[in-house]
Amino acid sequence: MKHEKRYRSTGKIGKHLTRFRVMPWIELLLVLGFLAALGWAFWRFAIPFFEGLGNHAYSCRKEVETPVPVTPPPTPEPTHDPYPDHALYNADLLTMQTEIVIPEYQYATDVTVSDGTICAAIGNYTPDGTAAFVRLLLYDVSAHRQTYLHLPLTYKSIRFPAVNDRWIVYLDAAANGGGQMTAYDRETGEARVLKVVHTGLPKPVVCGDAAFWIERTGQNRDKLFAVDLNTGESATLAIYDGVSYALSRPYAYGSTLLYVAPDGALTALETETGESRQIGVGTAYIHDPQMNADGIAFLDSDHAADGRILWYNGETTVEVVSGAVDFTLGNGFIAYSRFDKNYVYYYGDGTTFCTTRSGETAMLLGGGEDWIVWMDVSWRDKDIMEFMTVGEKQ
């Protein structure tokens with residue numbers, strides 16, 4: 001008896017299709033189709049995207065053509081820039097800064113600059129443990145030559161020497177304050193006592209042949225004195241009764257005396273004509289003003305730790321810095337110390353430079369004209385004075 005063979009599907013037929021020779025070609029065509037689609041998408045979308053990035057300002061490459069204006073732009077008129085190049089741009093501080101070596105004396109104070117000469121009172125410690133400044137240092141900046149001038153002294157120290165081409169006016173100071181305000185004639189070598197000072201250490205200034213200073217004359221009274229250096233005649237220009245404006249020091253620029261009056265008004269006195277005028281700088285309090293041909297710099301406090309240095313250019317008043325207690329004004333700049341560093345502010349464009357080298361600490365001593373002078377206080381066994389040129393108008 002014959003049995004018929006019947007076949008039943010087992011579901012494994014699909015697995016045997018790969019044995020056919022046509023399957024590898026089908027797979028290849030599918031891969032090629034996928035790559036072609038991917039390339040089209042890249043051409044259609046990615047390339048325009050990256051080209052758009054290339055036209056933005058932050059791209060490393062910029063290939064956008066500059067449009068040609070329909071009408072030519074106006075030719076700009078030349079402007080006068082009084083401060084074209086700052087002296088401290090790309091400056092090598094190590095080579096620009098010069099030490100003033102004073103082998104005979106340890107200490108210096110009351111530094112000023114007059115006609116290219118750095119002036120300072122210098123001296124040594126005395127057996128009682130206090131310094132006595134017994135010589136005047138005159139350091140010629142151009143020649144790098146220093147001389148020591150022996151000024152007449154009745155008391156202990158030379159303080160606050162004010163120097164011009166004819167006169168040196170200084171306080172012959174006693175150890176506990178007071179002394180004699182003295183004028184030394186550089187032409188004749190003679191000295192004249194201008195006035196006996198009973199208390200304090202007033203700081204004089206010289207305008208031509210006249211000297212000026214504010215001095216305490218009573219328990220709550222101070223006076224602004226003026227003295228003719230040729231004749232010794234004196235006059236009182238202002239009386240301060242119990243007001244802090246008496247602490248503000250007068251300043252001399254050329255033949256102009258600048259000071260704060262008893263009512264707080266900033267006053268300029270022309271010493272050659274006797275005419276005076278008040279200058280409004282837009283602030284309520286003015287202290288220790290200094291001036292030059294460009295404007296007036298001043299403090300808005302009595303050297304307070306949070307006080308400000310301000311600059312008035314004849315029209316507007318701007319803040320130079322906050323938290324600096326003193327400053328010096330020069331040709332095109334204002335210099336000050338802050339956090340053991342010295343800074344130079346150029347008021348022509350508001351640029352500020354730090355002039356203290358890395359790893360050092362410094363204290364500004366003074367300056368003027370084109371120079372600043374400071375003490376390197378990184379070491380305190382001896383006063384190390386240094387100076388550098390920072391002026392704009394040379």
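**View 1. Lys 156 sits in the loop that runs between strand S5 (145-149) and strand S6 (157-163).** In this predicted model, Lys 156 is buried, because its relative accessible area is 19% and the term applies under 20%. The side chain of Lys 156 is joined to the side chain of Asp 128 by a polar contact of 3.4 Å.

**View 2. The surroundings of Lys 156 bring in residues from elsewhere in the sequence, not counting those up to four places away.** Lys 156 touches Thr 126, Asp 128, Thr 130, Ala 131, Ala 132, Phe 133 and Val 134, and among its other contacts are Asp 172, Ala 173, Ala 174 and Ala 175. Asp 128, listed here as a contact, is also the residue whose side chain makes the polar contact with that of Lys 156.

**View 3. The model holds one cavity of 30 Å³ or more.** The largest cavity contains about 30 Å³ of space, and the residues that line it are Gln 97, Thr 355, Thr 356, Arg 357, Glu 360, Thr 361, Ala 362, Trp 374, Asp 376 and Glu 386. Sorted by class, this lining is made up of two nonpolar, four polar and four charged residues.

**View 4. Residues 1-19 and residues 50-72 are stretches where pLDDT stays under 50.** For residues 1-19 the model has two contacts beyond four places in sequence, while for residues 50-72 it has six such contacts. As a setting for these two stretches, the protein chain averages a pLDDT of 85, and 80% of the residues score at least 70.

Terms used. Residues numbered from 1 in each chain as written. Heavy atoms only, no water. pLDDT = per-residue confidence, 0-100. Contact = heavy atoms within 4.5 Å. 1 Å grid on protein atoms, 1.4 Å probe; cavity = no way out; pocket = protein on both sides within 12 Å on 5 of 7 lines; lining within 4 Å. Points joined across faces, edges and corners; volume = space filled by probe spheres on them. Nonpolar A, V, L, I, M, F, W, Y, C, P; charged D, E, K, R; others polar. Helix = DSSP H or I, 4+ residues; strand = E, 2+ residues; numbered from the N terminus. Buried < 20%, exposed > 50% of the residue type's maximum accessible area, 1.4 Å probe, protein only. Polar contact = N/O pair within 3.5 Å; in protein donor to acceptor, adjacent residues only side chain to side chain.
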